[in-house]
Structures are given as C-alpha cells and as structure tokens.
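Good morning, and thank you for making time for this presentation.

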Amino acid sequence: MNDPKQQHPAGRILRFWHQVEFFIPFDLEQQVMEAPDAEWAVRAWSVAALRRAERPLWTPCLPPGRELSGFDVYFGVFDKSILAEVTRQVLQASLTADETVEQDERAALEGLTCMAKLRIGPAGEPGLDDVSVSTAPWALGRIQRAGRLDALDFDAFQNGIEDLKESLLEFRRARPPAWAQVEGTGEPVQLPVPLSAQELLALQAIFEDWTGFAPGAGRDGVAAIVVRARSVEENPKKRQANAKAAAERNGGSRVATDDDDDDDAAGGADEIEVEILNSFFAKDIERAIASLERGTHSPALRAYLAPLPQEQRLDLYTAPGREAILAALAPARLPSAHWPGEPAHAMSLMQQFAINSLFERLESGGVFSVNGPPGTGKTTLLRDVFAELITRRARVLAGFARAGDAFADVVQVDFENEGRCAVARLRPELAGFEMVVASSNNAAVENLSRDLPKSKALGKTGKTPWRDAQGGAKAGYLRTVAHNIAARTAKGDYAKLDADDAPWGLVACALGRKRNRTDFAFRLAADAKRAEWPVKGFDPDVHQSIWTWREKYAGPGFAEARAAFAAADAAVAQRIALVDRYAAVCMRLRGRTCAVFCAEADERRARAAQARADAQAALAQLDDEQALCGRQLDSLREELRLVERTRPAWWLRWLRREREQAFQAEQADNLRLQREWLARRRAVEAAIADGRRSVQDAVAGDARAQRALAERAQEWETLQCERDALAGQFPQMNGPDGAAALEDPGWQIQGLWHDETVNALRSALFVAALALHEAWLAEVLQSGGRFGSNLVAVTRLLGGKKLLQRDHAQAIWQSLFMVVPVVSSTFASIATQFRDLGPDSLGWLFIDEAGQAVPQAAVGALWRARRAVVVGDPLQIEPVFTVPIKLIEALARTAQLPAGQPVEPHLASVQNLADEANALGARIEVDGTDQWIGSPLRVHRRCVDPMFTIANQIAYRGKMIYFDQHDPALRLPPSGSIDVGPSAWVDVGGAAQDKQAVPEQIELVCRAIVQLTLRTGELPALYVISPFRRIKEALARRLVNGAAWPAGSQPSPRVLREWCRTRIGTVHTFQGKEESMVWMVLGCDAATRGAAVWAAGKPNLFNVALTRAQHRFFLIGDARLWGGLPHFADASPALLPRIRPDVFLRRVGTGTVGAMDASAGTCVNG
C-alpha cells in the first residue's frame, strides 16, 4: 500500500514518522567523543593516519583499576551539518530567519555522526556478528543520487542490508579467523587475530559503498574512523574466569561491558545480524505499521493517532465542565487505595479529579492525558494510581483460596544456550496490572522509579505515621531485597544509605538500558552471603536476594494476609460510604436554612393554594351565570304569556293583518331569546361540571403541596439531624455551594471531601495489599510452589538471554510485575527491553515529561499498552528534533498527512497528540491561538514570587493557584542555602560575539560564580541557564580557564568540568529539574535581535527557566533589548526589579542586600 491516499490516516502518520527516523543521525559527538572516559578511551583516525599505521590500534592507556573488555569502532565519520546541506541541495529550499534560529537551537545538527559501528574483542579481534548501521547516511545517499524524496523505500533499505551482510561475510571469509590456533610444545592455544589498519579501511569502503554516500571526511586529517575502548572495573578472579572461558572458545569473541546499552546480537557463526544504530524507534514503528495493517494495533495507540472531534470534548473551564468535576469528585468514586504519607495532606481538586477520571475513562483502554505544569504534583498523582492498581490486583489475589490457585498452567521455556525453565503462567484475572513508566528524559523516569522505594516517599519524619522517629519505614514490601538492589554499588560492595534513601519496599525499579536490566537481575537473584571474600558494607539481615528473603521470611501466611486485606478493604469501603453519605447530605443542605431549603416547595404550595382559590372563584362565577340564565328564562316565559294575551282574535287576524304580524314577530323574538339563554345555560352547566372537577383537583393539589411542604421541612429536619450526627466524625469537612464555587482557590487547593481517617485507611489498605503480595510470593517461591522457576526465567531474560519462542515472553514479564509492580524505561530502550512483547501486552503505560518527546517516540510503548496515562506540559520545553526542518516539511507533504492534525516532530509532542485524544480537558489561549490541553492540574507548590506570578501570566493565563497564600517563610530560601537577595533583572548589555554570546554577561556570571565559590568554599548549588548553546559553551570555556580564578583557588579540572556539565546549560537540558536559585543569561544585541525575538516568540523557554527556580531568579541581560519582547515584558520592574552589575556582584560577594521586604522578597533600593 504505497499510495498515501489509499492508506488509513493512522498508517500515513506512522509511515511519515518512519521516514523521518531514516534521517536521524547517530550522535557520535555526545555518546562517544564527549563521554566521561573519552580522554583515554577514544581515539580518532584519519585515512592518512591509518595508512601510515603510526600508532598501535588496540593498546589504549587504561586508567588504574580498569581492565580492557573490547572496542567499539565507528566507521564513516562525518558532521551532522551535512544533513542540512544535502537537504538544501535536494529540496532547493532555504530556511527563514526564525527557522534558522529554531533549527540551530532545537535541532541537534552539529557534531559528529557516523555510518556504522562494529563491536570487537579486547585484542581487536572481530566477530562481525555485532554490526550496527545508521540509516541516515543510507537515506542521504539515496536521495542525493535520485534527487527526490520518493526514492526512499523501506524494501530498498532491507535489500541494501542484505547486500551489506553479504559484503561483510565475504570480508570475513577472506581474512584469517578471529582466533587462530597455535601449536606449541604443550596444549594448543588460541590467540586473537586483530583487525589491521588496512582491514579497517576495507570495512570503511564497504560501508561507504553500502550507503552510496561519501561526505569526504577523513581525507585531510579529519577523523574517518573512531575507536572507543570499553573497560570494566578490574577484578582478578573475574579476569581469570573470562580467560578460562576464552581459552575454551572456538570462534569469535563478544564481551558485554558495564556500559553496554545495546542487546547482544542474535546472529550465529554463519550469519551476520545488522542492527539499527541511529534510530531507537524505527523497528517499533515498523511493527506498529504491520499490526495496523493486520487490524491488531492496541487501544492506546489507536486513540493516540485519532484526535477526538470537538463535539466529544468537555471543557473543564466551562460551567458544564465544573458540573462534571463536582460529580466526578463524589466520595463514592474515590479509589480505595492511597499512597502512604501524611493523612492530613489533601490532593488538590484537579489532582483527585484526574485520578478518578482516568480510572473510569480507561476501563476498556485508550489514552488519558494530564496537563501538569511544574510543581503541580504529577508524581503525587501517579503514586496514588500505582497504589490503586496494586490494590486491585491484591483484590484478585484475595479471591483465591490458596496461593497456588493464581496459576493457570505451566509452559516449558527455552533460552538460547541455556537450560529449560518451567514457567507457571498466571491466571488471566491477574493480567492487565503491569505498569511501565516511560519518557524521553532518562533522569525523569529513573528518578521516579528509584524514588518510589525510598523511605522519603512515605513522607517527612515526624509528620507521617509511616516512619518512626529515626526515619525508618513502618511499612515494608520485600524491604531487604530492595535494600540489596539499592545499596549494591558498581564495585560490588554495599553503600550505607541514610534514612531518607533507605528502601521501604521493592515497588519499582529502573530498567531500560541493558546495564540497568542486568544489574537489577543480578542484585535480585544474588547477595554477598556466599561471596568468597568479605564484601564491604554487607549485612545479611539488611541485604538479601529474593532467594535469601524466601528462606528468612517470617511474615504472615497467605491465608492470614488474605484475611487482613479483606478486613482492611471492608474498613475502607465502610468509611467511604459514610463520607459519601455525609457529602450527599451536605450537598443537599448546602448550608441553607429551612426556609431556603423549602422555598421551592413553599412556592409550589402557594401556587397550589392560589390555583384552588382561582378554581373556586371560577366555579362561583359559573354558579352566578347559571342563576342568571334561569332568571332570564323565567322572565322571557312570563313575557311570552303576556304577549300571547295581546294576540288578536282569530277573526281579526285577517282584517288587521299588521297586528298579527307584530304579534308573531314579538313572539319569535321571545322564543329566539329563550333558545339563546337555554343554550347559554346548558354551556354553563357543562362548565360547572368541569369547574367542580377543577375545584376538586385544585383542592387535592393544594393538599398535596401542603403535604410536600411539610415533607420538605421534615426532610430538612432529618437531613439536619443526620448532618449534625455525622459532623462529629467530619469536623473539618464541608462542601461547596455549587459547581461555580470550584473556581475558588480554597477548593482548588484543599479539594473536596478530604478525610484524614479515609486517607489513613486507604493507605493501610495499600500496605495490606503489598503484605498480601509478599505472603503470596513467600508461598509460591517455596519448593513446589511453581514460581521459583519463573524468577529464574526473569533473570535470564533481563540478563540478555534470547528466548527461542517469543510468545513465552509475556508470561515471564508478568512474573516480574508480580514481584516489582512498576518498572521504568526510556523510550529509547522500549524496543529492546520489550522486544518479544506484542500489542496490548502491557496493562498500563505512564508517560512522564511528554511535552519533551517527539511524537513518534511513544509509538512502541503505546503499541504494547492497553491503557496510557500521559503527563506533561506543552508549555514547557518543546522536543529536540534531529532532522532539518525543510526535510521534515517535504516528507510531510509526500506523506499527505491528515489535515488539521500536526504530527511533525518540530510542531508537536507526545503530549500534544495525547491531549487531542482526551475528551476531558480545557481550551486555552496561547499567544492568540486556541490550544486544547488534557485534564489540567492547577495548584502550584514549587516556585515563589515573582517566578510564580510571571509564569502564571505568560503561560497559564492566570489559571494556576499558589498552594499557600499566607506563609512568608515558605517564600524564602531554606536556612543554610546560598542567597544573594531578592530576585532581580541584572541589566547588562554589550556587543554579541559568536552569535548570541555577550562577553560582558559571560564575564559577569563567571566573576559571580568565582566569588560565590570563594565565599562558601565550594562551587555553588545553582543553575545557569540560557536560551542559546553558544552562551552555554562560552560560560563553560571561561570557567575552566584558569585565568578566571585567583591563583590557587581554582577547583580541580575534573570537578569544574562536571560542575559545568550539570549546572550550566540551555533551557532544554534543565527540564524536570529544580534548584533554589537560577540565573538566566540572555545574550544577544541589536545585530542578533532576531534570535532574541525567536526565544521570546513562545512562552516555553522563559516559562521553563522561571519554573526551575524555587526561591530566587535572576535575569542577566540587556533590559532595553529584551524587556519589550513578548513574555519577557511581563517581567516588569514591579515584579523583577532592575539592578546594576556592580550591585549584583556586591550581593554575591557579601550575601547581603539593601533594605527589603523579606516576606515578599521585593528589593527597595536596588
């Protein structure tokens, strides 16, 4: 199906993303050239240097304590900027000024990339069974030769890969084996046969021939090939074991290292497997396309690719939306579990709404998005969702009479080069609770999954009932196993963890890259109990593998834990029912008096009484009318008798004709009038019958209305008594007067129907759920329990062993989730971590920092998930893309994407697409454009003023609410932290050099950092942020220059470089981080004003910088240039006072300022 017009819209989107992935270059610069070990591990070779062979190829200078484990060789090195050059040549399209800055700052199109990577052994011996290639140079070569984009075709790429494999096989056949057998006086031994320089050049030629792309790198002393040495910590015993294993090998060598992020290649001795080096997502997009064509793609991915029509959306900022919020927050809809913490802490109103709604909306699958600006409690929200899902699974477990009833059957699972495992498959009812947290931000997912097990996740010592006075956790789940995993270091010993970091339970783990998976598998299955030598820090009572834990488990049995869970579950249900009744009573009364409560009933009674009076009056009038008719008829009859007496005798009637005629006329008139009054009387009589019925009805209605009024008054009295009776149990609980009141900050902050007892019981239920899981594990891990073999299979799978039957993978992964409910991964590792899982195989996917991720990044995770909760903020940092803008636009035109649905990586993020799929959200105005966002969180708990107010104005249109309006202490830096006084705009300009960098600003910031370091004795705990890469680079260069420091005061180069790496950067690098103080260096001058206009064009950059700062924020730049630009103009002198550079330096040097209002933080004298 190659014609885009004939494809399903979702298929066109997926194929477009797949084509974009072709052009994403591998980031050799960051991944290799700037790696922490690059100084000694990385060497670059030009073609000329290789031909001269002037240096040894495979003898790196290892630092002490490291031993060589192999090499990665990168071929066909060239600069990523060539992508833009080739695009410009082929498309004949130039960037606008704004697009130029956009591409320069958001697109990573500078630095080195390459064509291919080959992994070889420690002596330089090639196995040629671990080859990775970049699709980008192949795609460049393809369009360069054809001169058009439609030359790209995946079938052609696959055919090219087959040709490459054949070329590599020919190369392997033509050289000696990687290991050659040498006959000697004793036993024959094998010695490695390393690659020569000429062979490296030959391989380079093979890759260049495959791509059809020769950028010319390496011809004039520029690197063409980069070699990176891989090493592990030196371990003599391990080295002996490796040497013994190597001596027994007959073929090629492949050694996995600690920093290996890739999975082992699956090829055998006679085949070559070629992996994709540059794209983490291409394979999964291919799988999703195939699945779509088969009609089997998952509910989450289907929803993600299909925006909801406007008529199916409910704007939560409107009156109908507020009514829906009020209904959704009824206590009966509250999830039964709550993360352990401080019971007094209440979810904000929109936090609880999101939690309640996502469970209801995702019952059968799909996507639910949460718009979570910084500091609005996204992690707190997710914790409650995790707790509820674990508790729901415990409810299923509690339905089994015996622990073993959880299993359906047993399958025999085979791994390559490993023994068989008998895996007991779980019953279907226990599936669908798997939880995966994913993000493009590695720090975000690892921090979440590594923080959940820590004791500090249970609340602050002294404030939470779940920690003792020393900070120890009172709740626990596989605690000693969690401690074994958390405390084990890369060296193999055990670190001492403080009370906050000590684990309370193994509720989550960070997987993703291969090193994380293998480390976790090892630490889960092994402790130091049987080590051949003492292991530093090891405590057998604290650090236990899952097997040691099984042996020492002394907790309740399954039946006892099951009963305890059932009791806790019943207690929660009973209390929630009580709260729900109290809430219902309060909402019925809403603080109204009896008169107000009965007003409508009283009005109906008054109307009924009036209706009765009106009916009776109408009947009386009809009675009068009837009497009138009778009187008139009597009168007419009497008159007729008199008239008849005046009639002439019969004989005169002919003689006096006129008298007869007069008589007859008078008689006829009388009779006519009688008939009229008779008709009128009959009509009145009929009306009287109706009137009497109406009176009867009105009397009955009046009686009913009086009874209804009495009943309403009695209802008020009953409700009042019931409320008074319940109020003693809920002294602090109250409800709003109506949905409109939900806009009040008080309700937004404290939420509705908060009850500390309910929170405590819900937390206790969650803890009981974990205890039930733990008791279940203790039983099924015993001999004959059938689950032990499952964990063996888990450790093999996580350790990189290949399954021979992929359909067994789901049973193994489900076994892991029964032990560890939540696992995390970056999007980049999803395809390899879950490579054997298909669509709809994971119950729940949670995407964090979704506004940072390009839209195609989530395809693989969504494809495997039934339900997805997407959390992020589209007004924070936009995704970084690595393909030229004009190329993206051209590919989009070729793909004929659905109209009105931006899916291009420079225009949309994962958050944007998820928001469009969510029926519950809000329509906001962003710089004159309407934007639909998912269910919004509104209560902010991180930044004080002026950062909060400015961010609220520029990005959230005043919808955000600060969590505490009254406590001044919350607005000051914590005691002991560095402080240079209230936030301000340090007004300093100058002529820009190297694009946006202004030397005066660079010098000012460096001087301030040096002064702070000298004043405090250490490099300061602050962030220095800029919109532009050139400023970041200039700051780092200046700081590491010894001339910036007084003699003898400069920190060590290693420490200083690491500080610069983690503390100085572009706005993009600080997403998801926070610090007490932040400095934002703006740069630019009149000549480069266009770059400043670009940075100010959207609120995102300034918003992110502001919301990194908890207490102090300093803008450093030209106030005249920036102060009038959009969004920066909101940083008015009233909010961000202007100060001179010398005033700023004086503050930095002394830590004091002039007179100020300490509570508000407003500088008076600058």
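This is a predicted model: local features need pLDDT of at least 70, side-chain atom pairs count only at pLDDT 80 or more; totals for chains, interfaces and linings use all residues.

Let me start with a question: how far is the sulfur of Cys1006 from the closest cysteine sulfur, and in which residue is that sulfur? The closest one belongs to Cys1060, at 8.1 Å, which is too far for a bond. A disulfide is called here when two cysteine sulfur atoms lie within 2.5 Å, and the structure holds 0 disulfides. Cys1006 counts as buried because its relative accessibility is 2%. Cys629 is likewise buried, at 0% relative accessibility.

I turn now to the overall division. The protein chain is split into four assigned parts: domain 1 comprises 26–178, 187–236 and 269–278; domain 2 comprises 299–557 and 749–940; domain 3 spans 594–729; and domain 4 spans 946–1150. Between the centres of domain 2 and domain 3, taken over C-alpha atoms, the separation is 77 Å.

Next, the sheet. What is the order of its strands? Reading across, one finds β26-β25-β27-β28-β24-β29, an open sheet of 6 strands with parallel pairing. At the edges stand β26 (1064–1066) and β29 (1138–1139), each pairing on one side only. Within the sheet, β24 (residues 984–987) runs parallel to β28 (residues 1109–1117), and the two are joined over 4 bridges. One of the residues involved is Asp987, whose bridge partner in β28 is Gly1117. Helix α34, residues 999–1016, packs on this sheet and touches β24, β25 (1023–1026), β27 (1075–1081) and β28. The direction of α34 makes about 155° with that of β27.

How many of the 11 residues of α27 are buried? The count is 8, so this helix, residues 788–798, is mostly covered. Among the buried residues are Gly788, Asn790, Leu791 and Arg796. Just after α27, Gly800 adopts a positive phi of about 100°.

Finally, I draw your attention to Arg12, which sits in helix α1, residues 9–22. Is Arg12 buried or exposed? Arg12 is buried, since its relative accessible area is 13%, below the 20% cut-off. A polar atom of the Arg12 side chain lies 2.7 Å from the backbone oxygen of Gln896.

Thank you; I would welcome your questions.

Conventions
Residues are numbered from 1 along each chain as its sequence is written. Side-chain values use heavy atoms; hydrogens and water are left out. Two strands pair if DSSP finds at least two bridges between them. Contact means heavy atoms within 4.5 Å. Axes are lines fitted to C-alpha atoms, for helices over the stretch in contact, and angles run from 0 to 180 degrees between N-to-C directions. Buried means under 20% relative accessible area, exposed over 50%, partly exposed in between (1.4 Å probe, protein chains only). A polar contact is a pair of N or O atoms within 3.5 Å; within protein, one must be able to donate a hydrogen and the other to accept it, and residues adjacent in sequence count only if both atoms are side-chain atoms. Domain bounds come from an automatic or database domain assignment.
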